[in-house]
Amino acid sequence: MTRVSRNFSDTVEKEALPAVSADVIFASSRFPNYKIGANNHIVNVKGDPKVLSMKEIVARETALLLEQQNRLSVRDLANKFEKGLAAAAKLSEEARLREAASLEKHVLLKKLRDALESLKGRVAGRNKDDVEEAIAMVEALAVQLTQREGELIQEKTEVKKLATFLKQASEDAKKLVDEERAFARAEIENARAAVQRVEEALQEKEQMSRASGKQDLEELMKEVQEARRIKMLHQPSKVMDMEHELRALRVQLAEKSKHSLLLQKELARSKRVKENLSHLYELDGAEVLGSYLRIKPCSDIAPELSKCAIQWYRISSEGGKKELISGAHKSVYAPEPFDVGRILQVEIIYDGQLIMLTTTGAIDPAAGLGNYVEALVRKHDVEFNVVVTQMNGVDQPSESIHVLHVGKMRMKLCKGKATIAKEYYSGLMQLCGVRGGGNAAAQALFWQAKKEFSVVLAFESERDRNAAIMLARRFAFDCNIMLAGPDDRASLGT
């Protein structure tokens, strides 16, 4: 044994400490267990015999509790639970003792580290390296001890849970014993009363007439036998029924657990599929009036848009109300004035999977468009040069110039001096941006003058198209008419 004295710093300057050989082989890979005895002597503590871990002890006790004979009485079942409860209390006490021992080890490690730190300042050279290595080993041992304490805390929590479970089970078993005992006593009393009544009746019958009744006597004997059978009835059969019910419940619980695992795997797989699908497409284009938005594939595995079902929606930025845009089924959509200040969303359905894409914010108004419309409102009639691309759903090959007149009371479409359509603002009239098409969708609008006449008009610029829509709706509103596209009147009304 080595004793650390106070005058060690005086002697170390005079004597060179021998260096530790590099060929030393330690008997154990773990740091030895020491105690500080009287007069600061370091005492080596003999290793404790191998002790089972708390998890193994809990598992063994649980297995012993679950082992049952073919037929167990309720009393035996209660005794089993009480033994398990006592074992859990014993385990809890052992855990408390281990915590106290762990605290003592922490104190010992701290004292040892302080001694090594004091020794480190007094030595030099190879000996100082050895002291630093010893300090590092002490710190590593402290880390391992801390980890072991964490494991002990977790095991203590598990033991507490097991103790609570066993305590509840013991109380339930005791309650069941009391109930079954009371039930058995009641049945025994009933059986005794029945036997007494039968015996009295038999005596009366024998006194009245011994010859009248061999048959009656046999019936009475049957009743006596039945009464005695009830009296001798015992409860182990009910315990067996309970065991069968427990087995059935365990089988059902195992099946439910398997089904739950399958559902969890299916849910995880579905989430992965949704996450993968959400990165297949993106919205391309400026989110401003006068531009157009296009669904753009961003993966090589993205399905063709021609094979997908597409529907565009507008969402109010305040209440979050989702409104379907009727007829917007194409991969391209050009926002119209009614979409300003709202968020656009598109749903893509392919093979039963739903993909949703949303604009990053609300659609912004076009710069200078409001002032331009205010200047046009002062005029009685405003003319726009247009090209008719469709009439009543039929494509028009001719690209001749037409003139669209937007007046305060009516709208008129002319070609030269000929008037093609002229209608006053009414509830049957519809006007909105083209919902679909290609790059020119931002310059085209749909106008249904009446039920039997509709056209798609292409303007010279996006500004003219949006100004015509806003101007016509402004004049129609002055006539108490809500001018909108298909299925948009309810949204305008709100």
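Trainee: Which residues form a nonpolar patch on the surface?
Mentor: Keep in mind that this is a predicted model. The patch is made by Ile349, Leu354 and Met356, and together they have about 270 Å² of accessible area.
Trainee: Where does methionine 356 lie?
Mentor: Methionine 356 belongs to strand S9, residues 353–358. With a relative accessible area of 46%, methionine 356 is partly exposed.
Trainee: New topic: how many aromatic pairs does the structure hold?
Mentor: There are 2 aromatic pairs. In one of them, tryptophan 312 and tyrosine 333 have ring centres 5.4 Å apart and planes at 25°, so that pair is stacked.
Trainee: Which strands hold tryptophan 312 and tyrosine 333?
Mentor: Tryptophan 312 is in strand S5 (residues 309–316) and tyrosine 333 in strand S7 (residues 332–333), so the pair links distant parts of the chain, 21 residues apart.
Trainee: Is tryptophan 312 buried or exposed?
Mentor: Buried, at a relative accessible area of 1%. Tyrosine 333 counts as buried too, at 1% relative accessibility.
Trainee: And what about phenylalanine 384 and phenylalanine 459?
Mentor: They form an edge-to-face pair, 5.9 Å centre to centre with 70° between the planes. Phenylalanine 384 sits in strand S10 (residues 381–391) and phenylalanine 459 in strand S17 (residues 453–459), so the pair ties together parts 75 residues apart in sequence. Both of these phenylalanines are buried.
Trainee: Last one: which ring does the charged end of arginine 463 sit over?
Mentor: The ring of tyrosine 372, at 3.9 Å from its centre. Elsewhere, arginine 342 lies over the face of phenylalanine 338, 4.5 Å from the ring centre.

Note on methods
Residues numbered from 1 in each chain as written. Predicted model: local features only at pLDDT ≥ 70, side-chain atom pairs only at ≥ 80, totals over all residues. Heavy atoms only, no water. Patch = residues over 30% accessible without salt bridge, like charges linked within 9 Å, V, L, I, M, F, W, Y side chains within 5 Å. Areas by Shrake-Rupley, 256 points an atom, 1.4 Å probe, with all protein chains shown as cover. Salt bridge = Lys/Arg side-chain N within 4 Å of Asp/Glu carboxyl O. Helix = DSSP H or I, 4+ residues; strand = E, 2+ residues; numbered from the N terminus. Buried < 20%, exposed > 50% of the residue type's maximum accessible area, 1.4 Å probe, protein only. Phe/Tyr/Trp six-rings, centres within 6.5 Å; stacked < 30°, edge-to-face > 60°. Lys NZ or Arg CZ within 6 Å of the ring centre and 35° of its normal.
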